[in-house]
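Hello,

Here is the structure for your files. My notes on what turned up follow below it.

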Amino acid sequence: MSEQKLAQENAALRSKVDVLEEELALANQQLEWFRRQIFGRKTEQTSVIMDGGVQLSMFGSEEKNVTKEPEIITVPEHQRKVKRTYDDWMRSLPVEIIEHIIDHPVCEICGAEMVELTPEKAYDELIYESAKFRIRRHIVHKYKCPECGEKPEERDEPCHIIRAPYPHAMMPGSYCSPELLAHIIYEKYAKSVPLHRQEKDFNSKKIPLLKATMSNWVITAAEKWCLPIIEKMHELLIAGQIIHADETTVQVLHEEGRKATLTSRMWVYCNGKMNDKSIIIFEYQLTRKGEHAAEFLKGFIGYLICDGYDAYNAVEGAKRCGCLTYVRRGFIQSLPSDKKAYSASVAAKAADHLNKIYHEEGLLADSSTEYRYEQRLAKIKPLLDEFFAWLETVQVSGKGKLTDAVRYALNERKYLYTFLENGDVTIDNNRAENAIRPFAVGRRNWLFSNTANGAKASAALYSLISTAQANGLDAEKYLTELFSQPMGTILLPWRDERK
């Protein structure tokens with residue numbers, strides 16, 4: 001075999017080894033990520049991940065051997081929040097007093113009758129009572145006129161009879177009550193208890209309520225009571241100046257023209273956190289195409305805060321804003337498994353610098369819109385410029401989470417600066433991610449929707465419950481009040497609509 005051919009084979013083998021080594025490194029990185037997801041702590045706080053969040057140098061190790069005099073830092077005085085005691089919230093609860101007395105107490109020493117002193121409280125107990133069932137039977141009284149129609153041969157009119165007014169059944173032909181349906185919906189969509197588990201729980205209490213029956217009730221409630229409210233909430237959302245958007249997967253088993261194995265999408269839209277009323281709306285769609293967001297947000301003119309999914313560019317009239325949390329998440333997931341390597345880690349340095357930006361933003365949490373706008377330009381923009389100037393010098397290649405994180409950050413750069421234009425625009429999309437989290441938690445329990453109508457009903461009910469909870473309402477009481485009203489009643493889930 002000639003030397004030239006041997007050299008060619010050797011070069012080919014070396015190239016193959018390089019590819020295999022790169023694939024092995026990527027596989028090990030993915031394995032480490034899965035281990036963290038299964039066995040590690042589910043947190044992105046660098047104070048936990050990076051052992052106290054030690055600040056790292058952005059520009060190499062030239063400062064390692066420089067000894068600096070310790071700085072004296074003056075910490076401004078601040079007011080601590082008063083700790084809430086048990087008495088604060090127990091004061092609003094009804095109290096059952098149980099007195100422990102002794103009949104005719106006699107002194108054990110001399111036998112004299114004892115005199116009672118001022119009684120004292122020994123302790124308080126918080127009592128929980130399980131659900132109780134009862135039948136609310138509506139008896140309608142009828143009344144007949146003693147004069148009209150008494151002699152049919154003399155009068156043509158029939159006997160005059162009237163009935164006392166009474167509310168009609170919530171669902172004709174059903175024994176469903178507003179309280180029962182509100183409880184079923186709250187258990188599923190707020191506490192993530194699937195209907196089949198509720199069926200077992202009802203059966204254990206001697207109530208033979210079937211899953212299919214509850215499912216029909218839920219869909220009817222969503223269509224007749226909830227959708228008109230969702231439409232009104234949609235109008236108010238579009239009229240605002242800030243909207244957060246996100247989406248996640250949902251599986252629907254029986255959908256016309258689609259296999260059960262295909263995944264659909266649950267989109268979520270919510271207004272900015274600076275508003276006095278929170279609005280959270282879920283929408284079910286078959287796909288992840290940008291046309292769905294464009295149609296839902298049609299007519300919206302303002303700031304759209306989202307992740308790096310380019311389909312959001314289809315929304316006309318909206319100014320797109322990036323999510324700094326998503327950028328930081330990519331670097332956190334790229335951290336080396338050995339914490340000793342953090343000092344030379346690009347991912348650790350990037351996460352540390354992004355934490356500085358979040359620290360400055362956190363100091364402005366309670367500031368006015370104008371002051372926040374000015375301070376962002378003065379303090380946060382230079383940090384953002386410094387971060388991207390450094391990031392452009394980072395050399396990455398091939399596949400891997402660090403490569404993805406660097407490229408994602410650079411691709412999103414123009415959107416990550418948009419929040420500097422308005423003091424009410426947040427630097428991340430955490431509001432939408434937090435809004436969609438209850439749906440993701442519930443999905444682990446109920447796994448899928450049986451039909452598209454069920455998925456649409458879930459979207460409507462998640463919208464009302466999430467909005468009610470975000471506005472500080474008791475969602476179950478709100479639903480009970482809503483279902484007590486006629487179909488089509490607009491009862492918005494925030495406090496100024498309550499009596």
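The largest nonpolar core has 71 residues. A nonpolar core here is a set of buried Ala, Val, Leu, Ile, Met, Phe, Trp, Tyr and Cys residues joined through side-chain atoms within 4.5 Å. Buried means under 20% relative accessible area, exposed over 50%, and partly exposed in between (1.4 Å probe, protein chains only). Leu181, Ile185 and Phe483 have the most contacts inside this core. Its largest share, 13 residues, comes from H6. Helices (H or I, at least four residues) and strands (E, at least two) are DSSP runs, numbered from the N terminus.

Phe483 touches Met170, Pro178, Leu181, Ala182, Ile185, Ala221 and Trp225, leaving aside neighbours within four places in sequence. Contact means heavy atoms within 4.5 Å. Another core, of 35 residues, lies apart from the largest one. Tyr303, Ile305, Tyr342 and Tyr358 are among its members.

Please keep the basis in mind: this is a predicted model, where local features need pLDDT of at least 70, side-chain atom pairs count only at pLDDT 80 or more, and totals for chains, interfaces and linings use all residues. Residues are numbered from 1 along each chain as its sequence is written, and side-chain values use heavy atoms, with hydrogens and water left out.

Now the chain overall. Of its 499 residues, 36% count as buried. The secondary structure comes to 15 helices and eight strands. Among contacts between residues at least 6 apart in sequence, 63% join residues at least 24 apart.

Next, a helix pair. The axes of H5 (residues 195-204) and H6 (residues 211-238) come within 9 Å and cross at roughly 125°. Axes are lines fitted to C-alpha atoms, for helices over the stretch in contact, and angles run from 0 to 180 degrees between N-to-C directions. That angle makes H5 oblique to H6 (under 35 degrees is roughly parallel, over 145 roughly antiparallel, 65 to 115 roughly perpendicular, the rest oblique). From H5, Leu195, His196, Gln198, Glu199 and Phe202 make the contact. H6 brings Lys211, Met214 and Ser215.

Two loop residues deserve a look. Most residues other than glycine have a negative phi. Ser192, in the loop between H4 (178-189) and H5, has a positive phi near 60°. Ser192 counts as buried, at 8% relative accessibility. Lys206 sits in the loop between H5 and H6, and its phi is also positive, near 70°. Lys206 is exposed, with a relative accessible area of 73%.

Best wishes
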